[in-house]
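Please open the model in a viewer and keep the sequence panel beside it.

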Amino acid sequence: MSRTRGTGPARQAASSLWLVETLATVLVGLFLLAGIVQLAATRAADQHHESALMRRQAEGRTALEAVARELRMAGYAGCARLADRIRGNPDGLPRGFAAAEPIGGETRIGADNALGAVAGTDVLRVRRLSVRAATLGEDMSTPAGVIPVAALPEGFDTGSPLAIADCDGIDFFSAAAVSATGLQPRSPLAKSYRAGSRVMAPRELTFFIGRNAAGRPTLRRAGHRQAELLEGVADMEILYGEDTDGDGPPDRYRDANAVATWSRVRSVRVALLLHLGSAGDPKSRPQVLTWRGEARADGPPALVVATTVALRNQLP
């Protein structure tokens, strides 16, 4: 007797079960695939964030180093010191050049300022003499005589504010005439300088937060070397380490409004608040950071970079 395979309800049930199992397997696979894709996308976003964050940190450090280089030179005057060895009342001192104060600044500058700085940000000023100098080849004959220098750097012209210095002090003057034999000061100097003394130019550099052509806040340097140092700097805070008891090291850090004696500032702390831009996502990465002594939990994602610089020409 032959046996016929079933074609009724039992076979249909088996086929339906197989279809359900297949669909379930496909569905689980799709869920697993979606999870893997999501994980890969999250890792890629994290890597992009970390890469952009490190790049932004490096940019901030580079900008801080540009400021720090000038701070280390504050008060430079060859082998003399700008702050405490100025002779007399110099006729060649540039207007507004506070030679006795190699460092200065303003805290939370107001709107409509002459610099064009963003209101509420700090301003830093650094004063020194130029590194480029002309060296006296022989002694001066008299304090009112020609300053014998054979080669002058560019910009050392008639009427330019200049300074002559040795290790004992500094005279500021303006040149009444410039010739192949040297410089003729407009007024007599305090003494006849000897061979080896150096003629330099007064320099003042100002660091502040301005706006570039695109309207973005930018760390800028003004003075004889103007430049845009870093875009996307929301704020700059400057604190000055002042030696309040006269023993040498700074005792406390203060903002510009609280500094009692600028000639006693021994170090400067510079902090920059950087916009992160694409390096941060405020929806997925809420942040709380401390800025100007207060917790900051709102606004676009930001990063703080800071450095403290000793003013070597101001140390006792």
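Begin by selecting Glu-59 and Arg-56, whose side chains form a salt bridge with the closest N and O atoms 2.9 Å apart. A salt bridge here is a side-chain nitrogen of Lys or Arg within 4 Å of a carboxyl oxygen of Asp or Glu. Glu-59 and Arg-56 are three residues apart in helix α1, so about one helical turn separates them. Glu-59 is partly exposed, at 34% relative accessible area, whereas Arg-56 is buried at 9%. The terms rest on relative accessible area: buried is under 20%, exposed is over 50%, and partly exposed lies in between (1.4 Å probe, protein chains only). Helices (H or I, at least four residues) and strands (E, at least two) are DSSP runs, numbered from the N terminus.

Two remarks on the model apply throughout. It is a predicted model, in which local features need pLDDT of at least 70 and side-chain atom pairs count only at pLDDT 80 or more, while totals for chains, interfaces and linings use all residues. Residues are numbered from 1 along each chain as its sequence is written, and side-chain values use heavy atoms, with hydrogens and water left out.

**Further salt bridges**

The whole structure contains 14 salt bridges. Select Arg-292 and Asp-122 next: their closest N and O atoms are 3.2 Å apart. This pair links distant parts of the chain, 170 residues apart, with Arg-292 in the loop between β16 (289–291) and β17 (294–296) and Asp-122 in the loop between β3 and β4. Arg-292 is buried, with a relative accessible area of 16%, and Asp-122 is buried at 0%.

Move on to Arg-266 and Asp-243, which meet in a salt bridge at 3.7 Å, N to O. Arg-266 is in strand β15 and Asp-243 in the loop between β13 and β14 (252–254); the two are 23 residues apart, and they too link distant parts of the chain. Both Arg-266 and Asp-243 are buried.

**The open sheet**

Which strands form the open sheet, and in what order? Select β3, β4, β10, β11 and β12: they form the sheet in the order β3-β4-β10-β11-β12, with antiparallel pairing. Two strands pair if DSSP finds at least two bridges between them. At the edges are β3 (103–106) and β12 (227–231), each of which pairs on one side only. On average, neighbouring strands of this sheet are turned by 20° against each other, direction ignored. That angle is taken between axes, which are lines fitted to C-alpha atoms (for helices over the stretch in contact), and angles run from 0 to 180 degrees between N-to-C directions.

Zoom in on β11 (residues 217–222), which pairs with β12 in the antiparallel sense over four bridges. Thr-218 has Glu-231 in β12 as its bridge partner.

Centre the view on Val-126, a residue of strand β4. Val-126 is buried, at 2% relative accessibility. Its C-alpha atom is separated by 8.5 Å from that of Gly-105, which is 21 residues away along the chain. Contact means heavy atoms within 4.5 Å. Leaving aside neighbours within four places in sequence, the contacts of Val-126 include Glu-70, Leu-71, Ile-103, Arg-203 and Phe-207.

**Nonpolar cores**

A nonpolar core is a set of buried Ala, Val, Leu, Ile, Met, Phe, Trp, Tyr and Cys residues joined through side-chain atoms within 4.5 Å. The largest has 33 residues, and those with the most contacts inside it are Leu-71, Ile-103, Leu-124, Tyr-240, Val-268 and Leu-272. Elements giving two or more residues to this core are α1 (9–72), β4 (123–129), β10 (202–211), β13 (233–242), β15 (265–275) and β18 (302–310). Helix α1 gives the most, six residues. Another core lies apart from it, with 15 residues, among them Val-149, Leu-162, Leu-189 and Ala-201.

**The disulfide**

Finish with Cys-79 and Cys-167, which a disulfide joins at 1.9 Å, S to S. One disulfide is found in the whole structure, the term denoting a pair of cysteine sulfur atoms within 2.5 Å. The link of Cys-79 and Cys-167 is left-handed, with -115° about the S-S bond. Cys-79 lies in the loop between β1 (76–77) and β2 (80–81) and Cys-167 in the loop between β6 (161–166) and β7 (169–179), so the pair ties together parts 88 residues apart in sequence. Cys-79 is partly exposed at 45% relative accessible area, and Cys-167 is partly exposed at 42%.
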